[in-house]
Amino acid sequence: MLEGKGMIKETDMPEKMQRQAMACASQALDLHDVLDRISIAAYIKMEFDKMHGSGWQCVVGSNFGCFFTHAPGTFIYFGLETLNFLIFKGASS
């Protein structure tokens with residue numbers, strides 16, 4: 001597992017879920033090459049779907065913009081190592 005801590009930039013997740021998000025991102029970086037951002041994002045999405053039900057989305061990169069709607073209490077944006085991670089559960093219509 002990666003040493004050092006990530007830096008949360010914005011979130012409305014409960015603390016326990018925040019810790020799970022950062023641990024999951026760290027595990028994904030241990031399993032996948034840092035340049036394989038699609039595999040990293042897919043791993044995090046699948047783990048959150050298993051832990052918290054389907055509908056999770058994940059974006060991984062060093063420079064991206066976004067605009068989305070999320071279910072309350074399911075959003076986190078943080079940096080870990082050289083990457084930024086955006087994880088959220090889509091809002092139902």
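Me: Are R19 and E15 buried or exposed?
Reply: This is a predicted model, where local features need pLDDT of at least 70, side-chain atom pairs count only at pLDDT 80 or more, and totals for chains, interfaces and linings use all residues. Residues are numbered from 1 along each chain as its sequence is written, and side-chain values use heavy atoms, leaving out hydrogens and water. On relative accessible area (1.4 Å probe, protein chains only), buried is under 20%, exposed over 50%, and partly exposed in between. By that scale, R19 and E15 are both exposed.

Me: What joins the side chains of R19 and E15?
Reply: Both sit in helix α1, four residues apart, about one turn of the helix. (Helices are DSSP runs of H or I, at least four residues; strands are E, at least two; both are numbered from the N terminus.) A side-chain nitrogen of Lys or Arg within 4 Å of a carboxyl oxygen of Asp or Glu counts as a salt bridge. At 3.8 Å, N to O, R19 and E15 form a salt bridge.

Me: What is the N to O distance between D49 and K45?
Reply: These two are four residues apart in helix α2, so about one helical turn separates them. K45 is partly exposed, at 26% relative accessibility. Their salt bridge has an N to O distance of 2.5 Å.
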